[in-house]
Each structure stands twice: as structure tokens, then as C-alpha cells.
Amino acid sequence: MSKGVLVDVTRCIGCRSCQVSCKSWNDLPAKLGEFSNNWDSPGKLSADTWTNVNYYIIEEGDQLKWRFVKKQCMHCNEPACESACFTHSFVKTKEGAVIYKPTDANKDYCVGCRYCMIACPFGVPGFQWDKAFPYVLKCRFCYDRMQEGIEPACVTSCPTQTLTYGDREELLALAWSMINNDPRYVKHVYGEKEYGGTSWLYISDVPFDKLGFRTEAYGQPVTQRSIPSLTWDVLKWTPYIFFGWGAVLTIMRAYTKRRAEVHDESELYEPVDNK
Amino acid sequence: MQLGRHFTFRMTGFRKLLILFVLIAVAAGLYRFVFGLGAVTNLSDEWPWGLWIGFDLLCGIALAGGGFSTALIVHVLHKDKYLPIARAALLTSLLGYIISMVSLFLDIGRWFNFWRPFFYWGFHSVLFEVFWCISLYTTVQVLEFGEIFFEKFRVPFLQKILHKALPFLLILGIVLPSLHQSSLGSLYIVAIDRLYPLWWSMLIPFFFVWSAFFLGPAMVTVEGTLAARAYGREPETPVFSSLTKVTLVMLIIYLIVKIVDLVYRGVLGMAFNGSFESNMFLIEMSLFIILPIIMYATPSIRNRQNGVLIASILVVVGVIFNRMNVVFTGMAKAMGGSYFPSIWEWALTIGMWSGLILVYCFIVENFPILAKEEHAHGSSHSVGTGFNA
């Protein structure tokens, strides 16, 4: 069964325990931040920061709502990064985690081309720009803990039960029963269908587009097809084009050759005299 | 300057300057390998690809499109009047691919792993196809160039093998670039919802391969005229004018498919919404597609040396402009952050293209690449469309 996490945005108090436990469990270096006029710290995901709580202040009439949203790799059902990688360095495990083989499975095939970073619809993977031999790093769903049957470090450390770990299908059913039993919730589980669905699911009482989630792009709802299926629609034609186009060219060549006179090419050209 | 027994290379002030650029680039390249990409480039998690991929790789490969379109016209369709430009097109193409591979090697973080995709197959990746095709095609081009090389240094045994393989290599040398020119476009299919809809399309592979193909004759024209002027020769204007027929038809088809695609996806209106993207798109279409169509369609322009040159420059710049729009303009809104290449990124780019000019000059001065002068004047049976250049 593929695992997932359900994030109930209404319960998060923005304590950042998840960020601390993530850094300590995964041994990620911490950096001294700069003062900034908000509560986002460090503000975005990177190779050293695999999860980050973003803060949003939403005005609804004369009411102010503060909402805190934990962001990390969404662990897509069909990950764009996996399909984009030409050495297959990202892989979706049967448990549901999307892991990076050079660091998580000791298979160092990554070339460092960063196409995965172009491919990810959520802008998640981070690159070690300051290293001579950099890795591409992101949340790995605490795959080491998952294999032992333990929930991810962030879920363990969450004091408000914002995060629920379990089988994705059960979490999805739970999410919809919560939405249907409580009118405060927006009728949308983010991650259920976006880009073919993700292992991490979010429910919220404010619209997702106000919480930094992309719900539409250029006036259209974001696609519900997985990105690998889109590229495969094009790539699957490769062998047919290779042999078909090759055959057409061979035939055309044979046909026109009979009509054309054959030249001795070596008589036609000479080096440029540039003395 | 005599280089050994067989080669000469004339030194000029301009060429010394180019050599200086190459040396600066080599130094910057070494620094990048020791200290990493962050130390040399302005790339970031928001902008993982920059000048080297956007310009040197995507444009380098596109500009090398002259190789496969000329090969198709000359060696498959046997349009012999274009023979005088065939070798120059092959040479530019080969050098373009080498630039692309060098810039790719500089750009990848874990460069010592560059050979991995040959053994660990991520065949569901567009990049996998691009990687294989570009590697194979560069090999094919080196072998094709071998024929020219052996005209100078005769090795009968190898020549015999090569001659047997040549028809096969020729076909492969058109199929492979057709595949990866389109795949370079397919790379951006993953950017759905992020690449601006005026450029994102499931047809983007078609637009890329089609434009790389029609760019070919234009590139050959520009490069041929420049080379002719540099060496005080007469440009092969009748050949270039005659080639415009191919480009003209392909440009018109490109424009029609583009409009149909935009209408089909219901985003034609976005071309006129006044945004930065829409303005860039309109410039791309009007200045670099419609204007060259008009110029190529007008006999008094296309038959004049400067007329065909300017129209062809527009086509060449237009394809670069299109690739830049895909990589930068169209992605800017979705990627956030900002990116402008650092001085070292520029230095490496300038150095690489300077190197290309130097190698081009060296090869045409030492190998039979350009047509013999009397051919260019139309006195030969194989050249000339009936009037003198």
C-alpha cells in the first residue's frame, strides 16, 4: 500500500517542530537566517531545507486569518522528476516515497543536469550550488523510517495532529469525510488529482490559491494528468519515427539517385587560400 | 603561420583577440570545475538552467540545423546545384554540436558521471533521447567529415570502409537530428502550466524540428556570405536565392500551424493581452516569421545579395529569439526570482563561440570545404540557376 500524509491546514499553529525534526533526523546543515518582515524561515525549500512552514495572512471582510502551511516534496503518484531523469536517479518506491538514488540507495548515477528541477511542477528539488560535486536534494519521506514501519520525523514531532500518516487511499477517504462533516472546509483535497495525484494531501478552510498552492495556471485549472503521461504521449513515437523516417529517406535517396548524375566530389572543393 | 608540414594558420589581430577570449574561457571553465557552479554562475533553484543551456546548447544545436537540412536536400533529394554549400553546412553543424556538448559538460554538476546515461537507461526521459541522439549524431558527423579529412591524408583502407558506410551514415545523419531537434522542444512539455501558453504546446516538438530545418538554409546563407566576405570571394548568391524557396514554404507552414494550434487550444487571445510575454510573442511572429516570408516572396529582395542576407539573418535571429522566449520569457512568471548571466557565464559563452570561429577558419583554410572559385562563378555544370552572381 502506498503511504501518504494528510495535512489539515486548520490545525497548524506554525511552531516549526517539523522543520527542526527534519533537519535533525536527516542531518541537514542549518544556516543563520537574516531578519525579514515575515515569519517564513528560511522561506523556501532548498537542498538544505527539505520542509518549510509558510505563513499567510488572509483578510476576509473585517476578519484576519493566519494560516501556516507546511511545504515539502509532494511525492507525486507519477513523479515528473522520475520521468525527467535520464539516468533514473529519482524513483517512486512501492511505499510511496520518491527517493534520490545517489544519496538514498547508494547508486551514484546522477549527472547533475537539473532537468528534474525544470520538470517538478511544485518547484521542490534543490541543488547544492556551493559544492564542487553537487547533489539534487529534497524530502525523501523519511524513507529509512518508513521501511521500519515508523512515520516520518515531521509527523512524529507535530504537537497539534496537523499531520496524519497512513495509507493514501484511507487518508483520502478521511479527508472527504472531514470536509463533508464540517462546513468550514473548502471542498477540495489538494493533491487528490493535481498532476495525477500526490502522496501528500492537504485540506483547508481557506482557498488553496491563497496559501501558495497553484490551482490554476494562466486562467486554466492546473492539469490533472500526470506529467510523465504527457511526455510519454510524444516519446512513444520515437521508434516509429526512427524507422519510418529512415525508410522514407532511403527510398527518396534511391529514387532520385537514378535521375541525378554522380559527381566526383573531391573535384568540387578546395581549401581557401588565405596567404 | 606554418603548423607542421601540412597545416597553415594565418595570424591576424582579430584572431589573436579571439584566442584571448578562448583562454579566458578556459580559465573560467577550470575555476568552475574546482569550485562548483554556484561560484561562477548566477543560477539558482528558481533558475536551474541559464545561458549555457538556453543559448549555447539550444541555440547551438538549432543553428547547426543547416547540417541536416542541407544533407537532406543535397544527398537525399540530390539537388546538385546546392553541392557547393554542402560541406560548409556540415562543418558548421559539426562545430555547433561540439559547442553544445562542451557547454553541456560545463553545465552538469556531476560531470564525471556524464557517461552514465549510456548504461543506466532512463528511457522515459526526453533528455535520454536527446543525449543519445546528440552523441550518436556527433559521431556520425565526425565520420562524415572523415571523408573530407581523407582527401587530404589518404588512407585507402579506411577510406574504403568509410565509403561503404557513407550512405547509411547519411540517412542516420538526418534521422537522428530530426529526432533530437524535436526532442529539445519536447523537453518543455514537462513545463505545462508554467511555460506561457503561447509557447507551451503538445506540438512544441514539431515547432522545434520544423524551425531547426528551415533555419538551415538561412544559416548556410548567412555563414556562406560572411565566409565569402572574409576571404574576399564571391558569395554563392544564386544558390542562396534558390534555397529561399524551401525556407519560404516552411515558414508559411510554420505560421499556419502556429495559428491553428493557438486557436485550437483557445489561447490566441493571449497573444494580444498586452503582457510582456504577448509582446515578445508578437515580435517573434511579425519580425522574424512574417517579415522574412514577405522578403523571401519578393524576387527583387531575395535575388539581391544583401536582400537574401538580411532576410536570412532575420530567420536565424528569429529562431534564437524563439528559443530564448521558451527558456526565459515564457518561464519567468512561473519560476519567480530573477536571473541574469554572470560575467563568467558570458566569458565562457564568448570564448566558446570565438573558438568556433577560429576552428572554422583553420579547417576551411586547410581542408577542401568551400567550392572552388570558378564553380562559384557559375561556369560549372553543377552550379548556377541561370544568371551570374
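## Pairing between the chains

A:E270 stands opposite B:L370 in β3(B). Strand β12 (269-270) of chain A and strand β3 (residues 370-371) of chain B are joined by two bridges and run antiparallel. Strands pair if DSSP finds at least two bridges between them; strands (E, at least two residues) and helices (H or I, at least four) are DSSP runs, numbered from the N terminus.

The model is predicted: local features need pLDDT of at least 70, side-chain atom pairs count only at pLDDT 80 or more, and totals for chains, interfaces and linings use all residues. Residues are numbered from 1 along each chain as its sequence is written, while chains are lettered from A and ligands numbered from 1 in the order in which they are written.

## The interface of chains A and B

In total, 61 residues of chain A are in contact with 61 residues of chain B, contact meaning that the C-beta atoms, placed from the backbone, lie within 7 Å. On the side of chain A that touches chain B, at least two residues each come from α2 (80-84), α4 (115-119), β6 (126-127), α8 (227-235), α9 (238-259) and β12 (269-270). The largest share, eleven residues, is supplied by α9(A).

By class, this side of chain A has 37 nonpolar, 15 polar and nine charged residues. Here Ala, Val, Leu, Ile, Met, Phe, Trp, Tyr, Cys and Pro count as nonpolar, Asp, Glu, Lys and Arg as charged, and the others, Gly among them, as polar.

## Domains and sheet of chain A

Chain A is divided into domain 1 (3-77 + 139-225) and domain 2 (232-261), with bounds from an automatic or database domain assignment. The C-alpha centres of the two domains lie 50 Å apart.

An open sheet of three strands has the order β8-β1-β9 (chain A), with mixed pairing. Strands β8 (163-167) and β9 (200-203) stand at the edges with a single partner strand each, so one side of each is left without a neighbour in the sheet. Neighbouring strands are turned by 25° against each other on average, direction ignored. Strand β1 (residues 3-8) of chain A runs parallel to β9(A), joined to it by four bridges; A:V7 stands opposite A:Y202 in β9(A). Helix α7 (residues 168-181) of chain A packs on the sheet and touches β1, β8 and β9, its direction making about 130° with that of β8(A). Axes are lines fitted to C-alpha atoms, for helices over the stretch in contact, and angles run from 0 to 180 degrees between N-to-C directions.

## Helix packing in chain B

Helices α3 (residues 51-63) and α13 (residues 343-366) of chain B pack at an angle of about 10°, with their axes 10 Å apart. They are therefore roughly parallel to each other: angles under 35 degrees count as roughly parallel, over 145 as roughly antiparallel, 65 to 115 as roughly perpendicular and the rest as oblique. B:L51, B:W52, B:F55 and B:D56 in α3(B) meet B:E345, B:T349 and B:M352 in α13(B). This contact comprises four nonpolar, one polar and two charged residues.

Helices α4 (residues 65-76) and α7 (residues 156-186) of chain B pack at about 140°, with their axes 9 Å apart, which makes α4(B) oblique to α7(B). Residues of α4(B), including B:F68 and B:L72, meet residues of α7(B), including B:I174 and B:P177. The contact has seven nonpolar, five polar and no charged residues.

Note on methods: Two residues are in contact if their C-beta atoms, placed from the backbone, lie within 7 Å.
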